[in-house]
Amino acid sequence: MSLLHLSILALGFLVLGLCHWDVKLPKVLHAWEGTCVQIPCSYKTSKGTETLKQYILYLNPEYVEKNKTFHGTILFDMLDSNKNNRTRFLGYDRRQDCSMLIRPVQVNDSGKLGLRMTTQDDKWMEETQLNITESAPQPHIQLPQRLQEFQKVTVTCFLNYSCSEYPVSLHWFLEGQQVLPGQVENSQSMEIQRVVTESKFTFTPNWTHHGKRLTCQLWHTDVQHLSEKTVLLDVKHTPKITIEASPHLEVKEGESVTLRCLLQSSNPTFQGSFFWFKDGEEVQNWNDILTLSNVNWQQTGNYCCEAKNEMGRGRSEPVHLQVLYSPKLSKVLPAEFSIMENKTVELTCMTVAYPPPTNYTWYQDEKQMLGETKQKLRFQEVNRQQTGQYTCLAENSEGWGEVSERARLDVLYPPTGVTVTITSQTPIQEGDSVKLFCSYEQSNPPVNRYLWKTQFSQKDISTSNVFTIQSIPWNAEPVICLVCNIKCSQATPVNLDVQYAPRDVKITLVTPKSDIQSGDQVQLQCDFSSSHPKNVHYSWTQNGKHFQDGKYLNWSSISPEDSALYSCSVTNSIGQTHSQGWDLRVQYAPRHLQVSFVPGDAVMEKTSVVLICEVDANPAIELYTWFDWKGQKIDNYGQKLTLWPVMTHQSGAYWCQGTNKLGTGQSGPAILTVYYSPETIGKRTALGLGVCLVLLVLALLGFRSVRCWQKIRGQQDFQERPSRQGSFFIRNKKIRRPHSAAAPQSLGYYNPALEGRIDYATLQFPNRALYLETSPVSLQTEDQSVTYSVVQKPHVGDYENVMPQSLPEEEGLHYSELIHFGEGGRPPVQEGVEYVTLKH
């Protein structure tokens, strides 16, 4: 083949592949006349999802080569609704569904169905086979390959038909009886690969189902029976056997009986021998007949027969062979019996007999017990006189039996007459040694131990009936003695009556019921829980020293000074007991308040000082309040007030208040002195010297510039107004002049740190009041670095009146003029005098 032919062939296959549609629908569809056919169908074009432009359903279509078209009976035409009398299109383009419904169908509808589908650019024809019968076909039943008894199986009935417009259902019948719905599972499938109506029946077969008819019926809407299918069940099972007795299964001792093994069913067929069993044990016989001659009572029992096939062994239900005989092997149970007195006792006469005995005779120590004719001999409350040996005799319809074996009844009782006596000296005091003795009268069996019980211990003594308490407690409870054999008998509890000193001595607050406050009426009571003997004496101590006697302590108006540790004691003839200390705390309002300073009341500026409010109060202070020398409240509510860094302006008096729930107390004022630090003193001294030097330079310049003029004017003024002027000169004195309230005319500030280093300039005035006004001079500044000189007016005149014209001119002597200290104008200036003017 040439390369050209291969290329053309390949191209043809490629075009065919590109034009291929994927259409899925059942290959064969089944129905019967009058029903409907539902055709499940899906498609996929060669180009994917395309909308169908034309859809035609043909019956027996034929292709015409000349016209390249199909001819046949048209059952459905998408474009011609007149041809769609019996058909309906169920598909949707977007789902690629081409399903159809034909209703009703007829026998002549059998044949090929052709689905012709056309899109815009492509077309396709798909065919399927439609088989229509005149009546409904039989359903199909699928059985497992092997049915075996006791193995669960599922049987399926199905019909290759399903149509929603003509619903059908399947029903099961086993040997004519309809199967319960709970055992059946129904389903319908409308899949492209399989259109079917199906029902599954699940059950567990047994051998009785072998050969039975199993039927599956087809119904329309559960009211019309259409068809059915029946099969016979072949259930494999082991041999099924029964036993037949001749003459019957109840014979008297000495007679004969025949048992026959009958085979009811076996699948597969039974072949082989039979096996006989009595009470589970094999009997040596391999025939289907078992003959028992001259039977005895021991051959009574359950008999069964067994056979086997390929499925296994099959055994018959057991039959009970009963031999009638008189009572045998009689005995009394329990054979050996010991029981406590007053308990219930029951003895039983056991015997082997059939039918069961109807009459019994009882013997105690070989003496017949009249009136006792039942199988059980019962003593509701046995006593010691009923101890002995017992036998019985049984009787039934076959006669009397033999006297039974002897049984022993032993009636036990605990020790009687148990008593306890005290062998020690009385009366007993706390801490004494006490000896007790326990005794009894009778016992069966003999006593084997003694048991003593107290609140402190439980002591088991096996040989001694004496019990000693080495140190008796004050609260000793009664002592109990028990004498034991198989059971214990208790003696009457012995009360030891122990004498002791008072117990649990304590102090109780009688009044008031709550907290004790200063001024309250208070009563304390001394009390105790018990004392033996009961006659007691009370006494009180305060802080360890005897205070007073009596049961009560009373205060008509208690004070804080009454607070102390109190204790009471109670004494009887045995001893004395003390209470725990009772701390009496009297509550009162704050008092004795005072303020202390740490490290002291004189501190350097820019350091820290702590003010402590010391107070005496009960209960504790809840609120502290601080005040300064101005009476202003300080924003601090603790016991300690910390000033840091402290400054000189914080010098002054401080006081505090303390408040508890009973009131408020106030301290007296405490003075805090804050002095300058050496650094501040140095700064202020340097500033003062600088200011003085500047003033001196300015004064010298002024004096020099107007010197001549001042001398002339000064001389004239001095002559004209001698009563309105005065002269003074400055004297430098290194004297210590502290600030004092005794010199109100002095202006300045006293700092102890500057003592010995400050030079004071003093202005002295004549004794005439016209030179200075008496109103005080107020010096205010915001600069803490200013240094003030003190201008002091003495009480006595110490001025030296120097006339200008008589004084020699000295370079180092300067005068200052006070202006506006008196009345009038400025005096004339004298020549040769330098003035410094101080203006007020």
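Strand β23 (residues 275-278) pairs with β26 in the antiparallel sense over four bridges. This is a predicted model.

Q: What makes β23 and β26 count as paired strands?
A: Two strands pair if there are at least two bridges between them, and β23 and β26 have four, running in the antiparallel sense. As for who faces whom, F275 stands opposite E306 in β26.

Q: What links β26 to β27?
A: A hairpin does, going through two residues. These two strands also pair in the antiparallel sense, over four bridges, with β27 covering residues 312-315. K308 sits opposite R313 in β27.

Q: Why is β26 called mostly covered?
A: Buried means under 20% relative accessible area, and seven of the nine residues in β26 (residues 301-309) are buried.

Q: Why is H237 called buried?
A: Its relative accessible area is 0%, and the cut-off is under 20%, so H237 is buried. H237 belongs to strand β20 (residues 235-246).

Q: Which residues does H237 touch, leaving out those up to four places away in sequence?
A: E149, W207, H210, S265, S266, N267, P268, N309 and M311. Contact here means heavy atoms within 4.5 Å.

Q: Why is the pair of W32 and Y166 called edge-to-face?
A: A pair of aromatic rings is described by the distance of the centres and the angle of the planes. By the pairing rule there are 20 aromatic pairs. For W32 and Y166, the centres are 6.1 Å apart and the planes make 85°.

Q: Where in the chain do W32 and Y166 sit?
A: W32 is in strand β2 (residues 28-32), while Y166 is in the loop between β13 (153-159) and β14 (168-174); they are 134 residues apart, so the pair links distant parts of the chain.

Q: What makes the pair of W172 and F201 tilted?
A: The ring centres are 5.6 Å apart and the planes stand at 40°. Stacked needs under 30 degrees and edge-to-face needs over 60, so the rest count as tilted. That pair links W172 in strand β14 with F201 in strand β17 (residues 195-203), 29 residues apart. W172 is buried at 2%, and F201 is buried at 2%.

Q: Which residues do ring pairs link into a cluster?
A: W21, Y43 and W124.

Q: Why is L698 called exposed?
A: L698 has 54% relative accessibility. Exposed means over 50%, so L698 qualifies. L698 lies in helix α2 (residues 678-705).

Q: Which residues make the nonpolar surface patch of about 730 Å²?
A: L687, V691, L693, V694, L695, V697, L698 and L701. To join a patch, a residue needs over 30% relative accessible area, and L698 has 54%.

How values were computed:
Residues are numbered from 1 along each chain as its sequence is written. This is a predicted model: local features need pLDDT of at least 70, side-chain atom pairs count only at pLDDT 80 or more; totals for chains, interfaces and linings use all residues. Side-chain values use heavy atoms; hydrogens and water are left out. Buried means under 20% relative accessible area, exposed over 50%, partly exposed in between (1.4 Å probe, protein chains only). Patches are made of residues with over 30% relative accessible area and no salt bridge: like charges are joined within 9 Å, nonpolar side chains (Val, Leu, Ile, Met, Phe, Trp, Tyr) within 5 Å. Accessible areas come from the Shrake-Rupley method with a 1.4 Å probe; for residues, only the protein chains shown count as cover. A salt bridge is a side-chain nitrogen of Lys or Arg within 4 Å of a carboxyl oxygen of Asp or Glu. Rings of Phe, Tyr and Trp (its six-membered ring) pair if their centres lie within 6.5 Å; planes under 30 degrees apart count as stacked, over 60 as edge-to-face and the rest as tilted.
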